[in-house]
Amino acid sequence: MGEQSARDVNGTESGRTFMKALLRDMRALETMLERGMFETQKRRIGAEQEMFLVDRDLRPAPVAAELLKDNIDPRIVGELARFNLEANVNPRLFEGLCFSQLETELREVVQIAQMRAAKHDARVVLAGILPSVRLEDLSLENMNPRPRYRALNDTLRAMRGGDFNIAIKGIDELNITHDNVMFEACNTSFQIHFQVAPDEFAKLHNVAQLVSAPILAAAVFSPVLFGSRLWHETRIALFSSSIDERSNAPKQRSKRPRVTFGDQWVRDGVLEIFREQVSRFRVVLAAETDEDPVAVVERGETPDLSALKLHNGTVYRWNRACYGATDGVPHLRIENRILPAGPTIVDEVANAAFFFGLMNGVLEELGDPAQWMEFDAAKDNFFAAARHGLKAQFTWRSGETVTAADLI
């Protein structure tokens with residue numbers, strides 16, 4: 001959940017000030033890694049549950065603001081659209097009954113949202129893409145009024161120099177243009193977090209990239225958008241286009257998109273990812289920070305690194321590196337963003353168990369994927385899974401071809 005007070009920085013002094021804060025955060029992070037300040041002995045998991053709000057006809061119900069006025073639960077917040085909600089469940093140790101506990105808490109927050117939505121003649125639906133959403137639902141009037149979202153819209157549109165275009169070819173073909181960033185609101189996901197130690201980050205991030213294809217193939221649940229039958233998991237294609245700052249000019253299309261699977265295996269650790277994001281991606285949101293993170297580290301304390309976290313939240317890797325702290329102790333996480341919301345909580349927890357199990361066991365069984373597979377093969381596998389689900393053909397060890405179902 002991003003910094004809600006963030007604002008537009010397009011061509012302003014605040015953008016330059018924020019960049020200086022971002023570079024200070026990077027220096028502080030580097031020092032923390034050098035001094036071994038990060039938690040290494042515990043493994044935690046977490047999740048973010050996104051939801052749609054719909055009316056009696058199962059059309060989007062833009063009542064999130066009214067629902068949230070009731071102070072329903074600190075874990076539940078708004079999202080981009082007035083018909084979206086998001087809940088952050090509590091992190092828990094990866095042991096014992098963690099999956100049963102995760103399921104119980106997910107049911108709890110969804111039920112709370114469901115009960116409050118009923119007061120506004122609405123209900124909660126878990127779906128990767130809501131099939132009943134129409135282009136007219138994606139108006140600025142239905143955008144969350146918080147400054148962060150309008151700033152994101154205005155900045156990305158200015159960078160593009162115009163409207164947003166969606167072009168997806170599946171069973172049908174969809175080519176449509178819209179004047180704002182609300183295409184993103186057609187998606188809801190189930191995002192899962194896996195805490196890792198700094199010295200294992202590179203290998204485990206590579207594992208997350210490798211296993212995303214079979215996990216997604218087993219979880220596809222978003223085949224229809226605006227009445228068109230597209231990919232098995234159309235969210236992947238839709239989200240990639242909905243947050244694209246690049247125009248259609250050939251020079252612009254050669255730049256790396258903000259929604260990305262990446263282009264290579266990680267070799268040197270988490271700093272490699274954060275440095276690339278600072279150097280390659282323009283700042284699109286800024287927020288004020290009074291913290292001197294370097295001074296905080298010199299006192300032996302844990303900085304918030306709010307500038308780094310905000311910028312990181314505007315680069316949408318399908319497996320994202322995250323910084324955080326638990327009880328004042330800093331940690332690193334890998335956030336897997338590939339999974340759709342729903343169709344049921346049991347499905348979501350099963351998908352999470354599959355991911356966490358592979359994260360826990362693949363290195364022992366197969367070793368670092370960077371040592372035995374070309375990165376482009378892993379990337380192609382991921383998009384094949386999104387397009388074809390269990391019928392996808394994957395490239396695996398020694399270049400062999402295997403179906404998604406057989407590999408799973």
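Everything here comes from a predicted model, where local features need pLDDT of at least 70 and side-chain atom pairs count only at pLDDT 80 or more, while totals for chains, interfaces and linings use all residues. Residues are numbered from 1 along each chain as its sequence is written, and side-chain values use heavy atoms, with hydrogens and water left out.

Helices here are DSSP runs (H or I, at least four residues), numbered from the N terminus. Axes are lines fitted to C-alpha atoms over the stretch in contact, with angles from 0 to 180 degrees between N-to-C directions. On the helix 3 side, the contact (heavy atoms within 4.5 Å) is made by Phe 99, Leu 102, Glu 103, Leu 106, Arg 107 and Val 110. Helix 11 brings in Ile 345, Val 346, Glu 348, Val 349, Ala 352, Ala 353 and Phe 356. By class, that gives ten nonpolar, no polar and three charged residues. Ala, Val, Leu, Ile, Met, Phe, Trp, Tyr, Cys and Pro count as nonpolar, Asp, Glu, Lys and Arg as charged, and the others, Gly among them, as polar.

Helix 11 also packs against helix 5 (residues 201-219), at an angle of about 145 degrees and with the axes 9 Å apart. This crossing is right-handed. Among the residues that meet are Leu 204, Val 207 and Val 211 in helix 5, and Phe 354, Phe 355 and Leu 358 in helix 11. The contact divides into 15 nonpolar residues, one polar and one charged.

Leu 67 sits in helix 2 (residues 64-68). Leu 67 has a relative accessible area of 0%, so it counts as buried (under 20%; exposed is over 50% and partly exposed in between, with a 1.4 Å probe and protein chains only). Leaving out residues up to four places away in sequence, Leu 67 touches Leu 53, Ile 72, Leu 85, Ala 113, Arg 116, Ala 117 and His 120. Leu 67 and Val 77, ten residues apart in sequence, lie 9.8 Å apart, C-alpha to C-alpha.

Notes
Helix = DSSP H or I, 4+ residues; strand = E, 2+ residues; numbered from the N terminus. Left-handed = near helix turned anticlockwise from the far one by under 90°.
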